[in-house]
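This briefing is for a reader new to the structure. It covers the domains and the interface between them.

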Amino acid sequence: MTKRLTGFQPTGNLHLGNLLGAMRPLVAGQESATETIAMIVDLHAMTMEHDPRALRARTLEAATLLLAAGVDPRRTALFAQSQVPEHTELHYLLECTTAYGEAARMIQFKEKSAAGGPVRLSLLTYPVLMAADILLYDAHEVPVGDDQNQHLELTRTIAERFNARYGETFVVPEGVRPESAARIMDLADPTRKMSKSSATAAGRIGLLDEPEVIRKKTSRAVTDTLGVVRYDPEGQPGVSNLLDILAECTGERPGAYPNYGTLKRDVTDAVDTLLAPIRKRHAELADDPGYVREILAEGKTRVRPAARATVRRARAALGLLD
Ligand code: ATP
Ligand code: MG
């Protein structure tokens, strides 16, 4: 049986890119016999300056949105990373088998550490914690967007080296790419991916954005001066992104459009049709936060034995006492 694991950072509001690139594939994967793990990676949200109250609220909100988008707690273990302390224990054990240079050359570390302000040590070691997240559950498949390729490669390197040096301990995971729409771009800057952590929300459609907000953001989406609706991600990244979003939301190939205005109108409608039921279900679930917490507690209880077993194997392999 194949185990699949997806993580969501509670660094901000989940957006359309998260939904199309990660949440929908996760929900679709539940249908098959695959065992699915959905994790809110709250410890990763502490690698940059953070506000404790916002972190707690966003963790619960992410869990609520995952449920609203169709995560079925009977099929998927849903929990917050910090609720399973084995993540941090394995993190340390893996740090002892990872070189400083391997972590320091990660592109994301270079970018984020160059942003200014004090650099937390956890920002450097973040990919090692991510390796622990994956290896802890013997995950076979990890859906990865382009932004996480390098980190998944490091995970594989760490696992292979550990197995070779200390004996077979970890399953070496494969990165899998969602078939389409691996990457939704920012509407205000279509050369960058839509991100929770981008400076402004202008180019990001939040999963809880009201229809009027969606319309505003879509109608202001940056395009170009060519005036032709053509799929050409290199030459017309803004228009191509809109076509991608439309295709993903409707499940159909977009037809021909005489101008950008009509395309934007259809994108607005398609996005709203997709988000309306999620918004509605989210409102129902948000009325009962106790329920969401219960689901998280159940998810934690379900995965913990596997996490414990992996840590036990790693400890023994490294020469630590019981
Ligand atoms: P951050 O800016 O804090 O890194 P993020 O928007 O990149 O946030 P993550 O929590 O890092 O979101 O990613 C959650 C999942 O969503 C991952 O599987 C990631 O590959 C996917 N994802 C993130 N952004 C996009 C996007 N723009 N298009 C498609 N998938 C995305
Ligand atoms: Mg990210």
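Into which domains is the chain divided? Domain 1 covers 3-181 + 289-318 and domain 2 covers 201-284, with bounds from an automatic or database domain assignment. This is a predicted model, in which local features need pLDDT of at least 70 and side-chain atom pairs count only at pLDDT 80 or more, while totals for chains, interfaces and linings use all residues. Residues are numbered from 1 along each chain as its sequence is written, chains are lettered from A and ligands numbered from 1 in the order in which they are written, and side-chain values use heavy atoms, with hydrogens and water left out.

**Extent of the interface**

- The centres of domain 1 and domain 2, taken over C-alpha atoms, are 29 Å apart.
- In contact (heavy atoms within 4.5 Å) are 14 residues of domain 1 and 13 residues of domain 2.
- About 1,300 Å² is buried between the two domains, and carbon and sulfur atoms give 72% of this area; buried area is the accessible area (1.4 Å probe) that two parts lose on being put together, summed over both.

- One salt bridge is counted between domain 1 and domain 2, where the term means a side-chain nitrogen of Lys or Arg within 4 Å of a carboxyl oxygen of Asp or Glu.
- Arg24 and Glu248 form a salt bridge through their side chains, at 3.1 Å from N to O.

**The domain 1 side**

- Helix H1 (16-30) and helix H2 (52-68) are the elements that give two or more residues to the side of domain 1 touching domain 2; helices are DSSP runs (H or I, at least four residues), numbered from the N terminus.
- H1 provides the largest share of that side, five residues.
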